[in-house]
Amino acid sequence: MTSFYFPVALAVGGMLFYHLAQKSIPKEINPLYATMIAYAVGIVLCAIFALAYPSKKSFVDSVRESNWAVFVLGASAACIEIGFLLAYRAGWKISLAAVATNVAVTAMLIPIGVIVFKDQLSLRNVLGLIFCVLGLVLVVRE
């Protein structure tokens, strides 16, 4: 049971502290330097956790077997980090930025999921997504 819920709890906790930290980064710090420092901390933590996480392949083997997706993930993560930092500096509220971006991305992923990954959506899913989009419109309107 913990192996099912733990990853989601880890992601939720990480996102909570992520947004709190992003909103609290001093405005005087260059956003690219702040992101570089944050990634250095992340790399160190991943290296430490890798010692405890079982793996059949070495780090070097993993680098050799990586495909385009691993590199796009890194570039995407950097864009997310810098995007949120700049959004908060531009005045976005912490209570709205995450909701707005997550609903917007979800709306874009729906056709990709259905067409490319053959996801199936029930009528309940579609109605829920419509409410999410309507909620997004209400959230971002001044």
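N30 caps the N-terminal end of α2, with a side-chain oxygen 2.7 Å from the backbone nitrogen of L32. Keep in mind as you look around that this is a predicted model.

From that cap, let's follow the helix itself. Helix α2 covers residues 31-52, 22 residues in total. From first C-alpha to last it reaches 32 Å, close to the 32 Å expected at 1.5 Å a residue.

Now for its two sides. P31, A34 and T35 are the buried residues of α2. Viewed down the axis of α2, these buried residues fall within an arc of 90 degrees, so they line one face of the helix. As background, an α-helix has 3.6 residues a turn, so residues three or four places apart point the same way. On the other side of α2, the exposed residues are Y33, M36, I37, I43 and L51.

What lies over the buried face? The cover of the buried residues of α2 includes α4 (68-89). Leaving aside residues up to four places away in sequence, T35 touches E81 and I82.

The largest pocket holds about 1600 Å³ of space. Of the 34 residues lining this pocket, V41, G42, I43, L45 and C46 are the closest to its centre. Helix α2 gives the largest share of the lining, 12 residues. The table lists the elements that give two or more residues to that lining.

| Element | Residues |
|---|---|
| α1 | 2-24 |
| α2 | 31-52 |
| α3 | 59-65 |
| α4 | 68-89 |

Notes. Residues numbered from 1 in each chain as written. Predicted model: local features only at pLDDT ≥ 70, side-chain atom pairs only at ≥ 80, totals over all residues. Heavy atoms only, no water. Helix = DSSP H or I, 4+ residues; strand = E, 2+ residues; numbered from the N terminus. Expected span 1.5 Å × (residues − 1). Buried < 20%, exposed > 50% of the residue type's maximum accessible area, 1.4 Å probe, protein only. Arc of directions from axis to C-beta. Contact = heavy atoms within 4.5 Å. Polar contact = N/O pair within 3.5 Å; in protein donor to acceptor, adjacent residues only side chain to side chain. 1 Å grid on protein atoms, 1.4 Å probe; cavity = no way out; pocket = protein on both sides within 12 Å on 5 of 7 lines; lining within 4 Å. Points joined across faces, edges and corners; volume = space filled by probe spheres on them.
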